[in-house]
Amino acid sequence: MNLPGFTGGALDRADRVRHEPELLAAAVADPRARLLVLNGLDPELDEYDRLRWTNLAEATGELLFLGFEHGLPRFVSALPEGVRPPATRSPALFGMLERFTCEDAALYAAARSLVDWHARHGFCAVCGTPADIFRAGWGRKCPHCHAEHFPRVDPVVIMLAELGERVLLGRQPSWPKGRYSALAGFLEVGESIEGAVMREIEEEAGVRVRGVRYIASQPWPFPSSLMMACIGVADDERIEIDVHELEDARWFTRDQVCRALAGDADAGFIAPPRYAIAHTLLTAWAEGL
Ligand SMILES: [Zn+2]
């Protein structure tokens with residue numbers, strides 16, 4: 001199984017630094033400290049397709065401490081006060097995701113989600129007072145009611161239903177022509193991962209599954225999801241799609257999946273991109289996990 005996209009980086013998040021002002025001051029003062037270059041929320045890549053870094057003096061907002069990478073202090077700047085993050089992902093970003101190293105993708109995911117969260121959560125959710133950044137950027141604290149707020153993570157289940165040597169995939173109308181992928185949906189409060197997998201597959205495709213098994217997870221920083229990939233065993237092959245969610249859903253054979261993952265144009269569908277955990281999930285299933 002390949003490593004899921006946005007995972008496996010070399011970042012030491014160094015929680016101790018977030019709690020010790022002297023350690024944070026030393027990291028800021030370190031001449032090797034670098035600031036991640038972002039264009040809005042998009043990264044900038046150098047001629048080697050690596051993330052670009054600059055001096056901390058270039059920050060246009062508060063410094064957020066990402067951690068140490070190979071011993072080097074890494075920071076990112078919050079967006080300037082009052083600047084809203086873009087509502088949609090830029091088309092250029094997808095091209096960059098294909099070129100990223102695993103290490104850079106993982107670090108960028110953390111930085112992007114953190115910057116985005118601060119830009120959209122400037123006020124205390126309890127009393128509405130502007131909240132201050134604390135813990136070196138990993139939270140906000142209200143100066144009025146003292147409530148503490150932390151960057152949110154939105155759990156999403158993404159899953160395959162299997163039926164013998166076949167697997168259920170679906171497509172949304174907005175996807176590139178021919179692309180089929182695993183079904184997915186947000187976990188709801190009070191719900192287990194297994195329960196969400198069973199509910200989502202039945203809601204979207206009318207397929208009942210049982211025996212849900214966990215395969216892998218990945219952060220998905222658009223803006224702050226955690227994708228949890230699972231496989232469930234279907235009761236039977238009947239499909240009844242929810243047309244509000246899916247354009248189509250169908251069963252594909254193991255041979256078709258292997259060929260699609262290998263880029264075969266005659267596989268019957270186009271596999272999801274390598275940086276998406278659906279690709280990891282399909283690979284795992286094809287390998288019999
Ligand atoms: Zn408050």
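Pro223 lies in the loop between β14 and β15; strands (E, at least two residues) and helices (H or I, at least four residues) are DSSP runs numbered from the N terminus. The peptide bond that joins Phe222 to Pro223 is cis, with omega near 5°. Most peptide bonds are trans, and most residues other than glycine have a negative phi.

The model is predicted: local features need pLDDT of at least 70, side-chain atom pairs count only at pLDDT 80 or more, and totals for chains, interfaces and linings use all residues. Residues are numbered from 1 along each chain as its sequence is written, and side-chain values use heavy atoms, with hydrogens and water left out.

At 4% relative accessibility, Phe6 is buried, where buried means under 20% relative accessible area, exposed over 50%, and partly exposed in between (1.4 Å probe, protein chains only).

The zinc ion has as its protein donors the SG atoms of Cys124, Cys127, Cys142 and Cys145, at 2.3 to 2.4 Å. Donors are N, O and S atoms within 2.8 Å of the metal (3.2 Å for Na, K and Ca); water is not among the atoms, so sites may look incomplete. Along the chain, the zinc donors follow the spacing C-x2-C-x14-C-x2-C. The arrangement is tetrahedral because the four donor atoms subtend angles of 99 to 117° around the zinc ion; the term requires four donors with all angles between 85 and 135 degrees.

Two packed helices are described by the angle between their axes and the distance between the axes. Helix α6 (residues 254-261) packs against helix α7 (residues 277-286) at an angle of about 135°, and the axes are 10 Å apart. Axes are lines fitted to C-alpha atoms, for helices over the stretch in contact, and angles run from 0 to 180 degrees between N-to-C directions. The angle makes α6 oblique to α7, the term for angles that are not under 35 degrees (roughly parallel), over 145 (roughly antiparallel) or 65 to 115 (roughly perpendicular). On the α6 side the contact involves Arg254, Val257, Cys258 and Leu261, and on the α7 side His279, Leu282, Thr283, Trp285 and Ala286; contact means heavy atoms within 4.5 Å.

Helix α7 is mostly covered, with nine of its ten residues buried. Among them are Ile277, Ala278, Leu281 and Ala284. The cover of these buried residues includes α6 as well as β11 (154-163), β12 (166-171), β14 (209-220), β15 (225-234) and β16 (248-253). After α7 comes Gly288, with a positive phi near 85°.

Leu168 is placed in strand β12 and is buried, at 1% relative accessibility. With neighbours within four places in sequence left aside, the contacts of Leu168 include Leu160, Ala161, Leu183, Ile201, Ile239 and Trp251. Between Leu168 and Asp104 the C-alpha to C-alpha separation is 32 Å, at 64 residues apart in sequence.

How values were computed: Four donors count as tetrahedral if all angles lie between 85 and 135 degrees; four count as square planar and six as octahedral if opposite donors are over 155 degrees apart and all others between 65 and 115; anything else is irregular.
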